[in-house]
Amino acid sequence: MGLSLPDPKGHQRDVVFLNERGHCVVLGTAGSGKTTMAVHRAHYLATAPGIGGRTLLVTFNKALVTYLRGMSAASTNLQIETYHTFARGYLAHRTKASVRICKSKKQMVERALEETRVRHPSRAVIHRPLDFFLDELHWMVGHGIVDQQAYVEGRARRVGRGRPLQQPDREVVFEVYQRYVQLRAEAGYEYDFDNMASTVLGALKVDPTKRLYRHVVVDEGQDFTPEMIRSLAAAIPGDGSLTFFGDYAQQIYGSRMSWRALGLHVSNVVEFAHNYRNSRQVAQLAQSLSDMPHFKDDVDLVQPTGAAADGPKPTILETAGKEEQLVQAASNALALGADRQVAILMRTRVHEDKLRSLLDRGRVPIHRLHRELARWTDEPGVFYGTYSAAKGFEFDSVILPFCDADELPKPSEVEAHGLDEAKAREARQLYVAITRARTDLIMLHSSKLTGLLPQEMSDLYVRVSL
Ligand SMILES: Nc1ncnc2c1ncn2[C@@H]1O[C@H](COP(=O)(O)OP(=O)(O)OP(=O)(O)O)[C@@H](O)[C@H]1O
């Protein structure tokens, strides 16, 4: 096929080569080849004689676009970009004006919240943290529920374990939303990153012109809002196709959602259950993490059936203090990074500068994982960044400092969503981080180990104290 990627096997073949019309949903466990098959599928749809047409391969962030471009063979019919690049381009084309996106949403919602607090000082909900409101607004707008009555009456089904908000509380949240929209308009912005999708969808519904793309392929689809997917479905013609690849065990942005809310017309969902990436030992740890009670909910998870070759058991390393965790992470990474790709992943960016200064003492290439990543390399070296920045990538070895109970779940998530919901969300973050490792996995802590990992007595890892 002109691609230096593994050839599709089993169900992978069904997805890559069939159904060049209509919608197809592929749910796959971590490392099951979703990204690889998304590239194959997009290449096939762009180039196959007779059915080929302009194809859009769309993914979540710019770093993944860089990664996907590195995997694909160039074709004039294949465009690879983020959702927001697509949305911005379409809106600019339709409105013949430049599309400015508001980047100070957080500050504006904070101001709207402060003002609403003054009006309703006795309402408990108004004293919840800003992150709670940002999350709720993301859910509303992402589902296209911005009508007061529809939101307040809570007609849409919610996924997740948080207690549903009562109607009077929703009225207050809606006031915050309305005030934010007003503030954004006053600052001269029509769009933010969440509401563009509904505008694109609305415009496409009444757009009689020929569609630019015949086929759309979505990778990391679990982190797209329903409105984003609906707008992509509206962007293809009647004889076109939309193929959605996702893993709801890896949904790490906002409240949990189900593919059933996307409004796609699918007769059957294809599941990829074989894990081609992780060693059996890494896959077993990830599997038992996802079997823990706080991980379970009513969103579709694919049970993995097999893993790659055997490897060493994951190691849990206990150090004397938090500083020492970074020192150990850096020295292990520099030793391993001489002949393979190693990633040091953390839940937040707080310790990145300190880590960088430790890594710069070595002689190994160092790369920070972030959205502006300009080039993907297959060469050995050390990569570092957050769990979310590593989404979609893979490394020979992964090192996770700060697996302490007071770091995971992240305290601000507990404050915003309560312990149960925070555990459900943060376990998905940790799941993403763990499943980036092909062979070696080292987790560090210096105080009580996070409760997101399976029981200490489990035989899934080796414990070492320094
Ligand atoms: N049919 C196959 N034969 C051999 N290797 C494969 C096959 N399919 C995928 N792989 C390999 O498995 C690894 C994981 O693939 P990929 O990154 O596409 O999985 P994914 O499902 O997107 O993972 P994640 O969701 O965890 O990011 C890659 O190294 C890829 O080359």
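Leucine 289 belongs to helix 11, which spans residues 280-290 of this predicted model. With a relative accessible area of 0%, leucine 289 is buried, because the cut-off for that class is under 20%. Beyond residues up to four places away in sequence, its contacts are Phe295, Ala427, Leu430, Tyr431, Ile434, Leu452, Leu453 and Pro454. The distance from leucine 289 to arginine 428 is 9.1 Å between C-alpha atoms, although 139 residues separate the two in sequence.

Tyr431, one of the residues that leucine 289 touches, also takes part in lining the largest cavity. Besides Tyr431, the lining of the largest cavity includes Gln287, Ser290 and Asp291, together with Thr29, Asp247, Ala249 and Lys296. Leu301, Val302, Gln303 and Pro304 also belong to this lining.

**The largest pocket**

The largest pocket has a volume of about 1,900 Å³. Its lining is made up of 50 residues, and those nearest the centre are Phe60, His138, Phe193, Tyr253 and Arg371. Two or more lining residues are contributed by each of helix 3 (62-71), helix 4, helix 5 (105-119), helix 6 (130-142), helix 14 (411-417) and helix 15 (419-434). Helix 15 supplies the largest share of the lining, with 5 residues.

**The parallel sheet and its helices**

An open sheet is built from 6 strands in the order 3-2-4-5-1-6, with parallel pairing. Its edges are strand 3 (78-82) and strand 6 (269-272), each of which pairs on one side only. On average, neighbouring strands of the sheet are turned by 15° against each other, direction ignored. Within the sheet, strand 4 (residues 215-218) pairs with strand 5 (residues 241-246) in the parallel sense over 4 bridges. In this pair, histidine 215 stands opposite serine 241 of strand 5.

Helix 2 (residues 34-47) packs on the sheet and touches strand 1 (22-28), strand 2 (55-59), strand 3, strand 4, strand 5 and strand 6. The direction of helix 2 makes about 170° with that of strand 5. Helix 4 (residues 83-95) lies across strand 2 and strand 3, at about 105° to strand 3.

Arginine 184 is located in helix 8 (residues 167-186). Is this arginine 184 buried or exposed? Its relative accessibility is 7%, so arginine 184 counts as buried. Apart from neighbours within four places in sequence, arginine 184 is in contact with Cys102 and Met108, and also with Tyr189, Glu190, Tyr191, Asp192 and Asn195.

In helix 13 (residues 352-359), the buried residues include Glu352, Leu355, Leu358 and Leu359. Why do they lie on the same side of helix 13? They cover an arc of only 125° around the axis, and therefore share one side of helix 13. An α-helix has 3.6 residues a turn, so residues three or four places apart point the same way. The cover over the buried residues of helix 13 includes helix 12 (322-336), strand 8 (341-346), strand 9 (366-368) and strand 10 (381-386).

**Backbone exceptions**

Most residues other than glycine have a negative phi, and most peptide bonds are trans.

| Residue | Phi | Location | Relative accessible area |
|---|---|---|---|
| Lysine 96 | positive, about 55° | loop between helix 4 and helix 5 | 69% |
| Glutamate 220 | positive, about 55° | loop between strand 4 and helix 10 (226-234) | 7% |

Lysine 96 is exposed, because its relative accessible area of 69% is over 50%. Glutamate 220 is buried, because its value of 7% falls under 20%.

The bond from leucine 408 to proline 409 is cis, with omega near 0°. Proline 409 is in the loop between strand 11 (395-400) and helix 14, and helix 14 is among the elements that give two or more residues to the lining of the largest pocket.

Terms used: Residues are numbered from 1 along each chain as its sequence is written. This is a predicted model: local features need pLDDT of at least 70, side-chain atom pairs count only at pLDDT 80 or more; totals for chains, interfaces and linings use all residues. Side-chain values use heavy atoms; hydrogens and water are left out. Buried means under 20% relative accessible area, exposed over 50%, partly exposed in between (1.4 Å probe, protein chains only). Contact means heavy atoms within 4.5 Å. Two strands pair if DSSP finds at least two bridges between them. Axes are lines fitted to C-alpha atoms, for helices over the stretch in contact, and angles run from 0 to 180 degrees between N-to-C directions. The arc is that of the directions from the helix axis to the C-beta atoms. On a 1 Å grid over the protein atoms alone, a cavity is a set of points where a 1.4 Å probe fits but cannot get out, and a pocket is an open set with protein on both sides within 12 Å along at least five of seven lines; lining residues have an atom within 4 Å of a point. Grid points are joined across faces, edges and corners, and a volume is the space filled by probe spheres set on the points.
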